[in-house]
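Me: I'm new to this structure and would like a close look at one part of it. Could you walk me through the surroundings of the ligand, and then show me how some of the helices pack?

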Amino acid sequence: MKTLPVVPEVKVHRPPVDASAFAFRELRDDEFWRSVPAFAEVSRETFLDHLWQAKHSVTKVAKLREVLGDRVSPAFFEDVELGIKHAPMSLRVSPYILGLIDWDDPYSDPLRLQFLPVGSLLLPDHPKLDLDSLHEMEDAPTPGLTHRYPDKALFLPLDQCPVYCRFCTRSYAIGLDTEEVEKVHLRASEERWERAFDYIASRPELEDIVISGGDAYQLRASQLEEIGERLLAIPNVRRMRFATKGPAVMPQKILTDTAWTDALTRVVDKGRKLHKEVVLHTHFNHAVEITGITKLAMDRLTERGIVVRNQTVLQRGVNDTPDLMTLLVKRLGHVNVHPYYVYVHDLVKGVEDLRTSVETALFIEKHVRGTTAGFNTPVFVVDAPGGGGKRDAHSYEYYDRDTGVSVYQAPSVKPGRFFLYFDPLHQLSVHQQRRWADPVQVDFMVSDALLKARQRLR
Ligand SMILES: *Cc1c(COP(=O)(O)O)cnc(C)c1O
Ligand code: SF4
């Protein structure tokens, strides 16, 4: 009998992956909106119409009641009513988002958490918190233009968005006045824009313009094109980004508002011919926001060579676990959106329930890094309160995990200064929470952290 040659055993280092590893590719493609009573009869074609989406966006609790009917309990609406009374942001939610919320469990739904405040879950603000914690108005040479970093500026052409997020950093300006906040209005005004363009042209060091918001979705196609052309014509401007929440809350617009999408495409194409970079920045926070409709919209942008990057806000109960963040990052990559930043939640009024600690951010970052391409791995940043700008969350000079005080420096932005970030009190021990209630202890904790940061720098 012939013996078979001995084949060296091939070592299988990697067992086949479990099907759950592909969850990021499974995008919802059902008619999910039909579970909302008012949208039960709405066809796919109607639901894809951006005008229908805008028209049926909900801005009042009464309207929310009409749309949801008896899908949720009357107590829930009362709770939202109470939440809105104390909210710094006005209400606006798109049908796309309303359709994706799990109305069987609205209290823990990650989209409900972002757009609909409920009074019963609000927490008191941190004692060190103020409105405009980033001091954007202080660094503004003309209204609606913030020049903080050496070579880039933030231009706010208007104060409207397709939705209003509870946690908006710019609650000092964005949206309608609320019972809590009378805002600094930044209306779309050509005259104000001209002053911003003049300033940008007068500063040769400005190469990079962030057009944020407000939201580029709310600009008319002609306005978007005008802003794009004016900025591209300024010789020192080399890069610009149009920022919009749109793809995350109303991807339909990219598919059905052809005038807007074509205007954006023309600006990007013109930039390319001038060897300048024009990209879109957006703001997805949770994997459920990315559906089959999103994929169609992002595919259209990809076909037109439009680069899209994403900025996420880290929020408790929304995306504050390694699994949720990894799923989001992988799904963004799947639809050709580059995860750029994850922000540790700014110190914003009225949303203490949504904040997490720097420690949570560091923990999640460690797990996300290594799951996909480095260029698709977001940098976790703290936007230093007081105008220090974005700092890598890891780069603190000192961090006391017990008191939740972290100290950052920004040598190329505001040399010589220290910037403090404060973890939310609800993530500290009961003992530390008590200290924060005592002004003498508060002063001590803050000066102690600054002292230790100084000592480490020596
Ligand atoms: C975020 C921001 C920018 C852009 O910063 P990048 O780190 O380049 O994304 C520019 N100006 C201001 C005021 C900002 O807040
Ligand atoms: S879309 Fe952006 S600017 Fe508008 S409310 Fe939300 S976070 Fe604020």
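Reply: Start at Lys152, where an N or O atom in the side chain sits 2.7 Å from an oxygen atom of ligand 1. Keep in mind that this is a predicted model. Tyr340 also takes part, with a polar side-chain atom 2.7 Å from an oxygen atom of ligand 1. For Lys390, a polar side-chain atom is 3.1 Å from a ligand 1 oxygen atom.

Now for the helices. Two packed helices are described by the angle between their axes and the distance between the axes. Take H8, residues 221-232, and H11, residues 258-273: their axes come within 8 Å and cross at roughly 10°. An angle under 35 degrees counts as roughly parallel, so H8 is roughly parallel to H11. On the H8 side, the contact is made by Ala221, Leu224, Glu225, Gly228, Glu229 and Leu232. H11 brings Ala259, Trp260, Ala263, Leu264, Arg266, Val267, Lys270 and Gly271 to it. Sorted by class, the contact of H8 with H11 has eight nonpolar, two polar and four charged residues.

H8 has another neighbour to look at, H7 (residues 190-202): the axes of H7 and H8 come within 11 Å and cross at roughly 20°. H7 and H8 are therefore roughly parallel to each other as well, and their crossing is right-handed. From H7, the residues in this contact are Glu190, Trp193, Glu194, Phe197 and Ile200. From H8, they are Gln223, Glu226, Ile227, Arg230 and Leu231. That contact of H7 with H8 divides into five nonpolar, one polar and four charged residues.

One last pair is H3, residues 61-68, with H4, residues 74-85. Their axes come within 10 Å and cross at roughly 155°. Angles over 145 degrees count as roughly antiparallel, so that is how H3 and H4 run relative to each other. The crossing of H3 past H4 is right-handed. Val61, Leu64, Arg65 and Leu68 are the H3 residues that meet H4, and on the H4 side you'll find Phe77, Glu78, Val80, Glu81 and Ile84. In the contact of H3 with H4, six residues are nonpolar, none are polar and three are charged.

Terms used
Residues numbered from 1 in each chain as written. Chains lettered and ligands numbered in written order. Predicted model: local features only at pLDDT ≥ 70, side-chain atom pairs only at ≥ 80, totals over all residues. Heavy atoms only, no water. Axes fitted to C-alpha atoms, helices over the stretch in contact; angles between N-to-C directions. Helix = DSSP H or I, 4+ residues; strand = E, 2+ residues; numbered from the N terminus. Parallel < 35°, antiparallel > 145°, perpendicular 65-115°, else oblique. Left-handed = near helix turned anticlockwise from the far one by under 90°. Contact = heavy atoms within 4.5 Å. Nonpolar A, V, L, I, M, F, W, Y, C, P; charged D, E, K, R; others polar. Polar contact = N/O pair within 3.5 Å; in protein donor to acceptor, adjacent residues only side chain to side chain.
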